[in-house]
Amino acid sequence: MKLALIGLPQSGKTTIFNALTGSERAVAMSAGRIEVHTEVVDVPDDRLRQLADLYSAKKIVHAQISFADVAGVGAGDSGGGLSSQVLNALAGMDGLLLVLRAFEDPAVPHPAESVDPARDLESLQDELLLNDLIIVERRSEKLAETRQKGGGNLQEADKQLALLARLQEALSENKPLRELELNDAERQAIAGFGLLTLKPLLIVVNLGEGQDAPALPGTQSPVLSLQGKLEMELAQMAPEDAAEFLAEYGLAEPGAQRVIRAAYDLLSTQTFYTVGEPEAHAWMLERGASALEAADTIHSDIARGFIRAEIIGAEDLLALGGMAAARDAGKLRLEGRDYTMQDGDIINVRFNV
């Protein structure tokens, strides 16, 4: 899972990045070149730890999320907006975390000279919409020219032009493409266009200490609020100190865990496991995916030779204390390739290659 943090300059975007990753890094520009800082973090998982203990696993492999801290919108570009370097960095991301500034800090002036998260959200969304509209219009014009010259499959060109017209209409009405109903074939047709409003979006509001979350009327995207500086300090502490910090500030859990859960929901992702003495491994899988797709996530050879899958829920296995007891209790099931995987499933694939 790859997520990029975007936002206006001075939004505290890098503070949020540090809070999510425990790092102390910052985006910098050098000779007009925008740097992208990336950190990969393990997804906290109590079930995985318990399964590893049950099997005395020699190795634990967590599911992971890659967070990228990208330069602020307008940074390094006197014309404002999204530079080509930023667009290239965002093209390969699975989702976007849009950081909005709500904190007041006279030492860190806001580019617009006042703090207004709702205004900034509208401004950032306009930039994303405009970017996509330009891409769609250029694609449409090029395809129309090719069709007029009689090149390619005319029927397929008409089909693509109709799709591009739908996208253009939605964007012209300030409707992000993620809110447009598109089937799998249509999504596949535009997958390589680099359309940013097609990507899932999570809004992260960067609060000052003790500050209430501001209203963001009209947004259709999920919103999560964090006290950025506090969360950054927490992420950089030793575990025992972090526990005291959480208790002192009345926080139930680190904000990073809240963001990770929100990211799983945003990208419709779940976790499944493979376990044994050599290794306890957590894997990411799209919700609604099949046992065959889970096998392919593990290794393409396993999917190619798929015969049957042994499936048991992690909670059932942990409650029963082992696989033998699970079999006796009838909790271990044999499933075919079309079985729909559930969050927390443990899978052992029988295959022949």
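Biologist: Hi! How many helices and strands are there in the protein?
Modeller: Hello! The protein has 13 helices and 14 strands. This is a predicted model, and its C-alpha trace spans about 65 × 65 × 40 Å along the principal axes.

Biologist: And what share of the residues counts as buried?
Modeller: Of the 353 residues, 45% count as buried. As for contacts between residues at least 6 apart in sequence, 64% of them join residues at least 24 apart.

Biologist: What is the average pLDDT of the protein?
Modeller: The average is 90, and 94% of the residues score at least 70.

Biologist: Where does the pLDDT fall below 50, then?
Modeller: One such stretch is residues 27-32, which has 14 contacts in the model beyond near neighbours in sequence. Another is residues 76-80, where pLDDT stays under 50. For residues 76-80 the model has three contacts beyond four places in sequence.

Biologist: Changing topic: what volume does the largest pocket have?
Modeller: The volume of the largest pocket is about 790 Å³. It is lined by 20 residues, and the closest to its centre are Asp 94, Arg 187, Leu 198, Pro 200 and Leu 267.

Biologist: Which elements give two or more residues to that lining?
Modeller: Those are α6, residues 184-189, and β11, residues 280-286.

Biologist: How many of the lining residues are nonpolar, polar or charged?
Modeller: Ten are nonpolar, four are polar and six are charged.

Biologist: Let's look at helix α1. How many of its residues are buried?
Modeller: Nine of the nine residues in α1, residues 13-21, are buried, so this helix is largely enclosed by the rest of the structure. Among them are Lys 13, Ile 16, Phe 17 and Leu 20.

Biologist: What comes just after α1?
Modeller: Gly 22 sits there, with a positive phi of about 75 degrees.

Biologist: Which residues have a positive phi although they are not glycines?
Modeller: Glu 113 is one of them, with a phi of about 70 degrees. Ser 268 is another, at about 50 degrees.

Biologist: Where are Glu 113 and Ser 268 placed?
Modeller: Glu 113 is in the loop between β7 (95-101) and α4 (117-148). Ser 268 is in the loop between α9 (255-266) and β10.

Biologist: Is Glu 113 buried or exposed? And what about Ser 268?
Modeller: Glu 113 counts as exposed, with 76% relative accessibility. Ser 268 is partly exposed, its relative accessible area being 28%.

Biologist: On to aromatics. How many aromatic pairs are there?
Modeller: The count comes to two aromatic pairs. In one of these, Phe 245 and Tyr 249 are tilted, with 4.8 Å from centre to centre and 35 degrees between the planes. Phe 245 is buried at a relative accessible area of 7%, while Tyr 249 is partly exposed at 33%.

Biologist: Why is the pair of Phe 272 and Trp 283 described as stacked?
Modeller: Their ring centres are 6.3 Å apart and their planes meet at 15 degrees, so the pair is stacked. Phe 272 lies in strand β10 (residues 269-275) and Trp 283 in strand β11, so the pair ties together parts that are eleven residues apart in sequence. Both Phe 272 and Trp 283 are buried.

Biologist: One more spot: where is Leu 207?
Modeller: Leu 207 is in strand β8, residues 201-207. At 9% relative accessibility, Leu 207 counts as buried.

Biologist: What does Leu 207 touch?
Modeller: Leaving out residues up to four places away in sequence, Leu 207 touches several residues, including Ala 102, Phe 103, Pro 214 and Leu 226.

Biologist: Where does Ala 102 sit, and is Ala 102 buried or exposed?
Modeller: Ala 102 is in the loop between β7 and α4. Ala 102 is buried, with 5% relative accessibility. Beyond four places in sequence, the residues that Ala 102 touches include Val 115, Val 205, Leu 207 and Pro 214.

Biologist: How far is Ala 102 from Ile 346?
Modeller: The two are 42 Å apart from C-alpha to C-alpha, and 244 residues apart in sequence. For Leu 207 and Gly 92, 115 residues apart along the chain, the C-alpha separation is 29 Å.

Biologist: Thanks, that helps!

Terms used: Residues are numbered from 1 along each chain as its sequence is written. This is a predicted model: local features need pLDDT of at least 70, side-chain atom pairs count only at pLDDT 80 or more; totals for chains, interfaces and linings use all residues. Side-chain values use heavy atoms; hydrogens and water are left out. On a 1 Å grid over the protein atoms alone, a cavity is a set of points where a 1.4 Å probe fits but cannot get out, and a pocket is an open set with protein on both sides within 12 Å along at least five of seven lines; lining residues have an atom within 4 Å of a point. Grid points are joined across faces, edges and corners, and a volume is the space filled by probe spheres set on the points. Helices (H or I, at least four residues) and strands (E, at least two) are DSSP runs, numbered from the N terminus. Ala, Val, Leu, Ile, Met, Phe, Trp, Tyr, Cys and Pro count as nonpolar, Asp, Glu, Lys and Arg as charged, and the others, Gly among them, as polar. Buried means under 20% relative accessible area, exposed over 50%, partly exposed in between (1.4 Å probe, protein chains only). pLDDT is the predictor's confidence in each residue, from 0 to 100. Contact means heavy atoms within 4.5 Å. Rings of Phe, Tyr and Trp (its six-membered ring) pair if their centres lie within 6.5 Å; planes under 30 degrees apart count as stacked, over 60 as edge-to-face and the rest as tilted.
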